[in-house]
Amino acid sequence: MIMSEYTLQNSTITTLLERRSIRQWADEPIPDDVIETLQSVAQHAPTSEFLNDWSAIRITDPNVAAQLAEIGNQPYIAQAPLLYVFVADEHRNMQIAQSHDAEFTEDTVSFTSSYRFVQAHNDVILAMHAMETAANSLGLGCVYLGSILNNIDKLIEILHLPKYTFPVLGLAIGKPAQEPMIKPRMSQSMQFFENHYPEADDTQFTQQLNENLADFDKRVHQYYDLRHADRPVAAFSDQVVKNAQKDLSKKNITTPAAAQGFQLNR
Ligand SMILES: Cc1cc2nc3c(=O)[nH]c(=O)nc-3n(C[C@H](O)[C@H](O)[C@H](O)COP(=O)(O)O)c2cc1C
């Protein structure tokens with residue numbers, strides 16, 4: 001468990017500190033009462049302006065799950081006992097608004113603005129994290145699935161997503177059939193600042209950052225990813241440099257978002 005001498009303990013904190021991604025599950029269905037509980041927990045997450053602007057699609061058809069696994073290039077997506085795709089959803093709110101006043105158009109309504117697009121994503125993430133935490137607290141294991149966005153157009157087609165919706169992430173849940181290590185995290189001083197972002201000429205901060213980064217690189221390098229358990233993972237800095245070289249043009253969000261009716265320049 002990741003605990004310093006200062007870390008307080010209770011069952012919620014333990015659940016959160018012991019969380020890790022699980023990518024292999026027992027072939028056991030998740031009981032209905034568990035599913036309903038997880039869904040209720042997700043619904044009780046905070047929601048911007050109480051717009052409740054998200055929906056989740058539970059994938060129960062193995063053919064659909066297989067298609068998502070193919071898009072994500074991750075076979076375990078199709079093996080998850082419980083699988084959701086969470087969607088930023090302004091479709092429902094648009095319908096409600098338009099049923100009251102037909103004058104609301106895509107060009108004027110707030111729901112298609114960049115601000116709402118981002119806030120709807122925030123809502124999704126909070127709901128998903130609540131669901132993940134509740135699942136973990138019940139002894140289940142989860143993994144978030146950004147890989148399903150490898151082909152957004154296809155995903156939208158498979159899930160029949162209407163205008164004013166946008167897929168955000170998948171969440172795979174099940175009883176863990178693996179015991180991965182808890183992945184290290186950087187020292188708090190690298191991620192938590194006081195009152196303002198550290199100045200570029202703050203040499204004391206820079207020196208401490210470099211020391212902490214070297215330590216973090218070493219700890220990450222000692223971590224074994226069960227996907228490649230024969231070797232330690234690359235140091236954090238090396239992962240960042242490798243990631244910086246990625247061509248993400250195929251994952252461009254603005255084009256499919258525009259096709260879904262969002263106006264991200266507004
Ligand atoms: C937005 C997001 C997308 C992710 N997408 C994937 C994914 O497609 N496939 C996967 O196996 N893990 C995915 N992950 C899991 C991360 O790889 C994982 O959280 C990270 O390496 C830290 O490891 P841990 O969760 O075990 O602490 C995703 C996580 C996040 C937050």
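Mentor: A definition before any counting: helices (H or I, at least four residues) and strands (E, at least two) are DSSP runs, numbered from the N terminus. This is a predicted model, in which local features need pLDDT of at least 70 and side-chain atom pairs count only at pLDDT 80 or more, while totals for chains, interfaces and linings use all residues. Residues are numbered from 1 along each chain as its sequence is written, and side-chain values use heavy atoms, with hydrogens and water left out.

Trainee: OK. How many helices and strands does the protein chain have?
Mentor: The protein chain has 10 helices and 4 strands. Their pattern along the sequence is α-α-β-α-β-α-α-β-α-β-α-α-α-α.

Trainee: And what does the C-alpha trace span along its principal axes?
Mentor: About 60 × 50 × 40 Å.

Trainee: What percentage of the residues count as buried?
Mentor: Of 266 residues, 39% do. Buried means under 20% relative accessible area, exposed over 50%, and partly exposed in between, with a 1.4 Å probe and protein chains only.

Trainee: What about contacts between residues at least 6 apart in sequence?
Mentor: With contact taken as heavy atoms within 4.5 Å, 78% of those contacts join residues at least 24 apart.

Trainee: Which domains is the chain divided into?
Mentor: Domain 1 covers 11-180 and domain 2 covers 188-243. The bounds come from an automatic or database domain assignment. The centres of the two domains, taken over C-alpha atoms, are separated by 29 Å.

Trainee: Pockets, then. How much space lies in the largest pocket?
Mentor: About 1200 Å³. On a 1 Å grid over the protein atoms alone, a pocket is an open set of points where a 1.4 Å probe fits, with protein on both sides within 12 Å along at least five of seven lines; lining residues have an atom within 4 Å of a point. Grid points are joined across faces, edges and corners, and the volume is the space filled by probe spheres set on the points.

Trainee: Which residues lie nearest its centre?
Mentor: Arg19, Ile182, Lys183, Pro184 and Arg185, out of 41 lining residues. The elements giving two or more residues to that lining are α1 (11-17), β3 (141-145), α7 (188-191) and α8 (203-221). The largest share, 3 residues, comes from β3.

Trainee: Where do the domains come in?
Mentor: Domain 1 and domain 2 each supply at least three residues to the lining of the largest pocket.

Trainee: How do its lining residues divide by type?
Mentor: There are 20 nonpolar, 12 polar and 9 charged. Here Ala, Val, Leu, Ile, Met, Phe, Trp, Tyr, Cys and Pro count as nonpolar, Asp, Glu, Lys and Arg as charged, and the others, Gly among them, as polar.

Trainee: What is the volume of the second largest pocket, and what lines it?
Mentor: Its volume is about 670 Å³. Its lining includes Lys183, Asp225, Arg227, His228 and Arg231, and the lining residues divide into 3 nonpolar, 3 polar and 6 charged.

Trainee: Switching to helices. Which residues of α3 are buried?
Mentor: In α3 (residues 62-72), Val64, Ala65, Leu68, Ala69, Ile71 and Gly72 are buried. They are on the same side of α3 because they cover an arc of only 160° around the axis. The arc is that of the directions from the helix axis to the C-beta atoms.

Trainee: What covers them, and what is on the face turned away?
Mentor: The cover includes β2 and α6 (152-158). The face turned away carries the exposed residues Pro62, Asn63 and Glu70.

Trainee: And in α4?
Mentor: Asn93, Met94 and Ala97 are buried in α4 (residues 91-100). Their arc is only 100° around the axis, so they sit on the same side of α4. The buried residues of α4 pack against β2 (82-89).

Trainee: Backbone next. What is phi of Glu49?
Mentor: Near 55°, a positive value in a residue other than glycine. Asn52 also has a positive phi, near 50°.

Trainee: Where does Glu49 lie, and is it buried or exposed?
Mentor: Glu49 lies in the loop between α2 (32-43) and β1 (54-58), and is exposed, with a relative accessible area of 58%. Asn52 lies in the loop between α2 and β1 and is partly exposed at 28%.
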